[in-house]
There are 2 protein chains.
Amino acid sequence: MGAVTEDDRAPKQDRSRVTRQRLLEAAVACLAEHGWAGSTVSVVAERAGVSRGAAQHHFRTREELFTAAVEYVAEERSAALRGLFPEGAAAGADRTAVVAALVDLYTGPLFRAALQLWVAASNEAQLGPRVAELEARVGRETHRIAVELLGADESVAGVRETVQGLLDMARGLGLANLLTDDGARRKRVVVEWGRLVDEALR
Amino acid sequence: MGAVTEDDRAPKQDRSRVTRQRLLEAAVACLAEHGWAGSTVSVVAERAGVSRGAAQHHFRTREELFTAAVEYVAEERSAALRGLFPEGAAAGADRTAVVAALVDLYTGPLFRAALQLWVAASNEAQLGPRVAELEARVGRETHRIAVELLGADESVAGVRETVQGLLDMARGLGLANLLTDDGARRKRVVVEWGRLVDEALR
């Protein structure tokens with residue numbers, strides 16, 4: 001009996017997890033393309049090919065769906081970034097390549113989606129505290145990855161702020177890419193700041 | 001006769017200019033506080049204490065009012081910044097103080113208003129090209145001021161990108177200040193990067 005129940009349950013749980021992931025990915029794409037005003041649970045459910053009822057089973061509110069989506073995709077991107085440099089700068093990874101990969105975190109649909117959410121949260125009391133908390137959590141995790149991959153020793157004065165400023169720059173580059181393709185300029189800035197960061201961390 | 005007409009016209013022009021300025025300032029404050037969705041010509045007219053008809057005499061469309069407002073306030077802020085360092089770094093101004101003042105450009109209501117406008121423009125076809133053009137114009141002017149005040153010699157390789165990256169960092173710091181008061185962290189980052197930029201430009 002026990003074995004049969006396990007067998008029954010496992011595929012059902014798999015299906016549920018797959019549905020959830022599809023909803024989260026569709027939510028980020030929707031937010032990036034249409035902004036907060038154009039992003040509802042219904043629109044996302046349709047995009048994910050999931051019934052509205054199933055979507056509401058997973059996420060009770062619009063706020064819950066979209067904050068969970070940004071967090072999920074941020075975690076996926078972080079894991080992918082760690083995968084690019086499995087041993088980090090401590091093991092000889094090129095710091096300028098790490099800087100370029102960190103900046104890349106802020107130029108895709110995830111950053112667009114997060115930006116839409118932040119700006120909506122600055123005007124909507126309901127969304128504000130939830131998004132501020134999410135932003136702090138994702139920010140801490142990104143900082144941790146940056147320190148690790150850059151092989152930065154934060155016990156040295158100024159190193160923590162050097163890394164933070166680099167991530168602020170990456171965020172600013174993401175913003176500059178919002179309305180026009182800023183790729184050519186960004187590439188040149190990343191080369192120069194990669195060099196400055198590498199020198200500062202030596 | 002000519003003299004009388006001149007006398008009549010001058011105060012009328014002054015009143016018109018004052019009305020226009022009040023509308024532009026109210027538009028930036030409104031956008032910063034309520035976002036694009038909550039910002040209409042009527043709301044701004046009321047905030048400025050101007051009739052809706054008078055507001056529409058000055059600005060025919062909502063898009064025209066808000067883009068003109070961000071440009072006007074950006075010009076005011078640029079002039080104020082130049083006023084702080086009348087002779088620039090070339091004449092011995094402290095570069096770290098210039099860096100701090102540049103970052104300050106991105107942490108007040110003007111940046112909040114501009115951010116609301118950029119994000120709205122990324123979702124609204126009507127607004128997109130107008131805001132992209134405005135952003136490019138304001139960005140060029142800010143870059144020009146930064147080069148001037150930092151005493152940066154752009155004929156040296158990498159200097160242009162150092163200054164651009166600094167302004168990208170300032171923009172990213174502004175974004176980090178959107179939902180929570182990030183002042184304490186920002187101050188430490190500005191001190192460290194002020195030092196790094198000063199070294200890079202020597």
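## Reading the model together

Mentor: Happy to. A search of the whole structure, over all chains, turns up 34 salt bridges. Keep in mind that this is a predicted model.

Trainee: What makes a salt bridge, and which residue pairs with A:Glu71?

Mentor: The general idea is that side chains of opposite charge can pair when their charged atoms come close. Here, A:Glu71 forms a salt bridge with A:Arg137, and their closest N and O atoms are 2.5 Å apart. A:Glu71 sits in helix H4 (residues 62-84) of chain A and A:Arg137 in helix H7 (residues 128-150) of chain A, so the pair ties together parts that are 66 residues apart in sequence. A:Arg137 is partly exposed, with a relative accessible area of 32%.

Trainee: How do I read the interface, and what area is buried between chain B and chain A?

Mentor: The size of an interface is often given as the accessible area lost when the parts come together. Between chain B and chain A that area is about 3100 Å², with carbon and sulfur atoms giving 66% of it. In chain B, the residues that lose the most area to chain A are B:Leu175, B:Leu179 and B:Trp193, together 21% of what that side buries. The contact takes 38 residues from chain B and 39 residues from chain A.

Trainee: How many salt bridges and polar contacts are there between the chains?

Mentor: There are 4 salt bridges between chain B and chain A. One of them brings together the side chains of A:Arg188 and B:Glu161, at 3.9 Å, N to O. The count of residue pairs in polar contact is 10. On chain B's side, H8(B) gives the largest share, 12 residues. That side divides into 19 nonpolar, 11 polar and 8 charged residues.

Trainee: How are the two copies related?

Mentor: Chain B superposes on chain A by a rotation of 180° with 0.0 Å of shift along the axis, and the RMSD is 0.0 Å. The copies are therefore related as by a two-fold rotation axis. The same surface serves both: 100% of the contact residues of chain B recur in chain A.

Trainee: And what does one chain look like, say chain A, in helices and strands?

Mentor: Chain A has 9 helices and 0 strands. Its C-alpha trace spans about 60 × 45 × 30 Å along the principal axes. Of the 202 residues in chain A, 50% are buried.

Trainee: Where does B:His143 lie?

Mentor: B:His143 lies in helix H7 of chain B. At 11% relative accessibility, B:His143 counts as buried. A polar contact of 3.5 Å joins its side chain to that of B:Arg160.

Note on methods:
Residues numbered from 1 in each chain as written. Chains lettered and ligands numbered in written order. Predicted model: local features only at pLDDT ≥ 70, side-chain atom pairs only at ≥ 80, totals over all residues. Heavy atoms only, no water. Contact = heavy atoms within 4.5 Å. Buried area = accessible area lost by both parts, 1.4 Å probe. Polar contact = N/O pair within 3.5 Å; in protein donor to acceptor, adjacent residues only side chain to side chain. Helix = DSSP H or I, 4+ residues; strand = E, 2+ residues; numbered from the N terminus. Nonpolar A, V, L, I, M, F, W, Y, C, P; charged D, E, K, R; others polar. Least-squares fit on C-alpha atoms with pLDDT ≥ 70 in both. Buried < 20%, exposed > 50% of the residue type's maximum accessible area, 1.4 Å probe, protein only.
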